[in-house]
Amino acid sequence: AASDVYKRQVHRSALATIAQASYNYLESINLDANRLFKNAGLDPEKIYDANARFPVYATNRLLQIGIHETGDECIVYRVVDFIEPQMLHAMGYSWMASSTLKEALTRFVRYHKMMSTNIEVKLEQAQGSWQLVGKLIDTGQREANEGVMSFCLKICRRSFGDDLQPLHVQLMRKKPVDPTTIEDFYGCVVEFGGSENVLTFSASDITRPLKGANPQVALAMEEVIARYVCLLYTSDAADE
């Protein structure tokens, strides 16, 4: 049983291109990103390979190294500022071409395994609002768990606008000594120590037509995503 758990952890992976955000942030504060990536067991050259994937245990190690090097427990909120849609393969283009945030988030929920096989997300309708619930499958780090939500909101703001603010945020992490960075990022009331990570959006925001909508591009990219995920599952099955 223990070996099965280890095997699942080894096979948890994420798009290598997403790590460009971490690399660019580390470089922006004058740290040697190449050295830190290699210390984490990651090949920095692969962050530009659209077909490459990084094992989650190694990206988690990079996060821990980054926290140690910077002394910043809120480092994920610095890294997400460097996220760009093109780092997300076809998902990024499909997201930006979606007609509404609801459409984009629905695609994300359906195909999130493309970006990471270590996350679970769902979109649920509540009274007058919509809730995006996300968590890690193998919860090795609270910082990485929290990163799922900050990542989602940042990409939503790329297509909606920086003025997008959730109605409410619930995080599983304990309240830090200074929660200012986290509260400023979300721009709303943040509840710490929750049972789940939840972003609550107003129904009007999540259904507002987006200026960059392009249904043909969104559907074309969805076909690319679906093929990618199918091949990913086929590859994983062959490795078992």
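Predicted model: local features only at pLDDT ≥ 70, side-chain atom pairs only at ≥ 80, totals over all residues.
Colleague: Which kind of aromatic pair do Y23 and F37 form?

Modeller: The two ring centres of Y23 and F37 lie 5.5 Å apart, with 70° between the planes. Since planes over 60 degrees apart count as edge-to-face, the pair of Y23 and F37 is edge-to-face.

Colleague: Which helices hold Y23 and F37, and how many residues apart are they?

Modeller: Y23 belongs to helix α2, which covers residues 20–28, while F37 belongs to helix α3, which covers residues 33–39. Both Y23 and F37 are buried. The pair links distant parts of the chain, its two members being 14 residues apart.

Colleague: Why is the pair of W95 and F108 described as tilted?

Modeller: W95 lies in helix α6 and F108 in helix α7, 13 residues apart, and their pair links distant parts of the chain. The centres of the two rings, W95 and F108, are 5.5 Å apart, and because their planes stand at 50°, the pair is tilted.

Colleague: Is W95 buried or exposed?

Modeller: A residue counts as buried when its relative accessible area is under 20%. The value for W95 is 1%, so W95 is buried.

Colleague: Which ring does the charged end of R157 sit over?

Modeller: One aromatic cluster is formed by Y77, F185 and Y186. The charged end of R157 lies 5.2 Å from the centre of the ring it sits over, and that ring belongs to F185.

Conventions. Residues numbered from 1 in each chain as written. Heavy atoms only, no water. Phe/Tyr/Trp six-rings, centres within 6.5 Å; stacked < 30°, edge-to-face > 60°. Helix = DSSP H or I, 4+ residues; strand = E, 2+ residues; numbered from the N terminus. Buried < 20%, exposed > 50% of the residue type's maximum accessible area, 1.4 Å probe, protein only. Lys NZ or Arg CZ within 6 Å of the ring centre and 35° of its normal.
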